[in-house]
Amino acid sequence: MSELGPSPLTAHEDNLAVDAARAAIAAALQPIDAVEPVGLGEALGRVLAEDVISPIDVPAHDNSAMDGYAFAAADLAVDAPTLLQTVGTAFAGTPWNGPVGPGQCLRIMTGAVLPAGLDTVVPQELVSVVDGRVTIPPGVIRAFENRRLRGEDLARGRPALTAGRVLRPADLGLIASLGIPAVPVRRRLRVAVFSTGDELRSAGEPLEPGCIYDSNRFTLLAAVRRLGMEAIDLGLVRDDPAALEATLERAAREADAVLTSGGVSVGDADHTRDLLARMGEVAFWKVAMRPGRPFAFGPIRASGAADRRDARPVWLFALPGNPVASLVTFYVFAREGLLRLAGAQAEPLPALPVRSAAAIRKRPGRSEFQRGRLRRAADGAWEVAITGAQGAGILRSMCEADCLVLLRHDQGSVAAGEPVEVWPFDALV
Ligand code: AMP
Ligand code: MG
């Protein structure tokens with residue numbers, strides 16, 4: 001037990017269900033509180049720190065959804081042609097300020113203000129016009145069509161976006177449409193990443209017998225950047241307690257969270273467990289999942305703080321070393337945890353049901369995350385096929401895939417044609 005006393009995190013669980021591990025992580029984390037203003041040009045992917053309240057009605061006026069002729073619905077004849085006299089033109093940005101009386105209409109462009117009393121727009125292609133006299137054939141238009149109402153997009157005083165939103169392109173457009181040039185966002189989360197293992201070499205170095213190139217660091221640094229966070233590359237660390245301690249100390253000073261891959265997660269050496277117990281309250285879990293069984297999580301603190309309890313915790317996510325396992329555990333555990341720390345609304349990824357192209361063997365009692373490819377079957381429905389060898393070390397299976405196939409804890413084997421859930425890798429916006 002660490003000097004911080006007992007904690008639910010320090011329990012050694014040997015067959016922890018994925019959902020229980022996720023819940024424990026979510027319960028432990030509080031968002032960082034630093035906030036800074038950013039202009040809309042820099043706000044993509046940032047986490048909104050406060051609700052954006054609309055200071056205006058959008059649109060500010062009733063306006064036309066079409067190029068055509070605006071008139072009062074009361075003038076619309078029921079079974080006969082409607083005859084109207086054009087009195088002027090309203091352009092977007094240049095309203096018509098004159099009167100429009102009974103039996104009259106206004107030539108109007110899309111987005112132009114509808115003057116008081118005019119409530120219907122007939123598209124220009126539906127009418128005939130001779131010398132400014134407009135004829136609307138019966139039945140082509142109904143009252144109030146093609147009118148956009150003031151405030152229909154957003155009413156003044158209403159929240160346009162809520163705190164925790166990870167800003168997307170359309171959000172930036174929405175904020176701009178309110179006339180707001182900058183918004184408060186959380187400071188970017190700082191996530192340190194390092195790889196552990198004596199056998200690891202960096203690309204560009206010679207490879208001695210028995211050694212392999214470090215891939216996890218590049219995968220994980222990129223995955224962190226994809227979440228809009230600042231990734232700090234702490235390099236390669238040998239399986240040596242002093243080196244591990246020095247790197248964790250640095251991570252604890254510079255980052256909000258640290259992702260490691262390799263031996264640390266198993267705590268395979270006693271000195272690793274001793275070190276982590278000295279630095280914080282890291283729990284070592286054997287999660288009932290494939291790939292990615294060993295996993296460790298918890299707060300660590302830089303040494304030197306007089307009262308360790310008050311020192312800012314840095315959250316360690318120690319991922320397994322096998323390349324597929326480290327990325328899958330990143331998506332299953334670290335993604336949601338890091339988003340929560342960043343102050344984001346950490347919605348679980350949508351799991352979409354699609355048909356399995358072939359039978360999949362699976363035993364109940366653990367979660368499996370297989371790599372799949374989505375395709376259109378002959379009948380037009382989407383189905384998913386598993387991509388070749390599924391070994392936890394075969395990173396190619398991840399590159400060839402465009403989704404993860406989720407086989408839940410209690411689920412058994414799947415027959416061809418049965419639905420399975422998938423997490424697609426790419427989304428539109
Ligand atoms: P470990 O969890 O350290 O026992 O590693 C499990 C397997 O993953 C071993 O075959 C390691 O060589 C491999 N591995 C560990 N770290 C990395 C890494 N950063 N890049 C590629 N493979 C790794
Ligand atoms: Mg290792």
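Which residues of helix α2 (residues 169-177) are buried? The points below answer this and then move on to other parts of the model, which is predicted.

1. **Helix α2, the buried side.** Asp 171, Leu 172, Leu 174 and Ile 175 are the buried residues in question. Their arc around the axis is only 160 degrees, so they sit on the same side of α2. An α-helix has 3.6 residues a turn, so residues three or four places apart point the same way. The packing partners of the buried α2 residues are β12 (159-161) and β13 (182-186). After α2 comes Gly 179, with a positive phi near 80 degrees.

2. **Helices α1 and α6.** Helix α1 covers residues 18-28 and helix α6 covers residues 323-341. Their axes come within 10 Å and cross at roughly 20 degrees. Angles under 35 degrees count as roughly parallel, and α1 and α6 are therefore roughly parallel to each other. The crossing of α1 past α6 is right-handed. On the α1 side, Val 18, Ala 21, Arg 22, Ile 25 and Ala 26 make the contact.

3. **Leu 406.** This residue belongs to strand β26 (residues 403-407). Is Leu 406 buried or exposed? Leu 406 has 4% relative accessibility, so it counts as buried. Leaving aside residues up to four places away in sequence, Leu 406 touches Ala 351, Glu 368, Phe 369, Gln 411, Glu 421 and Trp 423. Pro 353 is 53 residues away from Leu 406 along the chain, and their C-alpha atoms are 9.7 Å apart.

4. **Cis peptide bonds.** The bond from Val 58 to Pro 59 is cis, with omega near -5 degrees. Pro 59 sits in the loop between β3 (52-53) and β4 (63-64). Arg 290 and Pro 291 are also joined by a cis peptide bond, with omega about -5 degrees. Pro 291 is in the loop between β20 (289-290) and β21 (294-300).

5. Which phi does Phe 144 have? Phe 144 is not a glycine, yet its phi is positive, about 70 degrees. Phe 144 lies between β10 (133-136) and β11 (147-148). Its relative accessibility is 46%, so Phe 144 counts as partly exposed. Asn 146 is in the loop between β10 and β11. Asn 146 is not a glycine either, and has a positive phi of about 65 degrees. At 21% relative accessibility, Asn 146 counts as partly exposed; the cut-off for buried is under 20%.

Definitions and conventions: Residues are numbered from 1 along each chain as its sequence is written. Chains are lettered from A and ligands numbered from 1 in the order in which they are written. This is a predicted model: local features need pLDDT of at least 70, side-chain atom pairs count only at pLDDT 80 or more; totals for chains, interfaces and linings use all residues. Side-chain values use heavy atoms; hydrogens and water are left out. Helices (H or I, at least four residues) and strands (E, at least two) are DSSP runs, numbered from the N terminus. Buried means under 20% relative accessible area, exposed over 50%, partly exposed in between (1.4 Å probe, protein chains only). Contact means heavy atoms within 4.5 Å. The arc is that of the directions from the helix axis to the C-beta atoms. Axes are lines fitted to C-alpha atoms, for helices over the stretch in contact, and angles run from 0 to 180 degrees between N-to-C directions. Angles under 35 degrees count as roughly parallel, over 145 as roughly antiparallel, 65 to 115 as roughly perpendicular and the rest as oblique. A crossing is left-handed if the near helix is turned anticlockwise from the far one by less than a right angle, and right-handed if clockwise.
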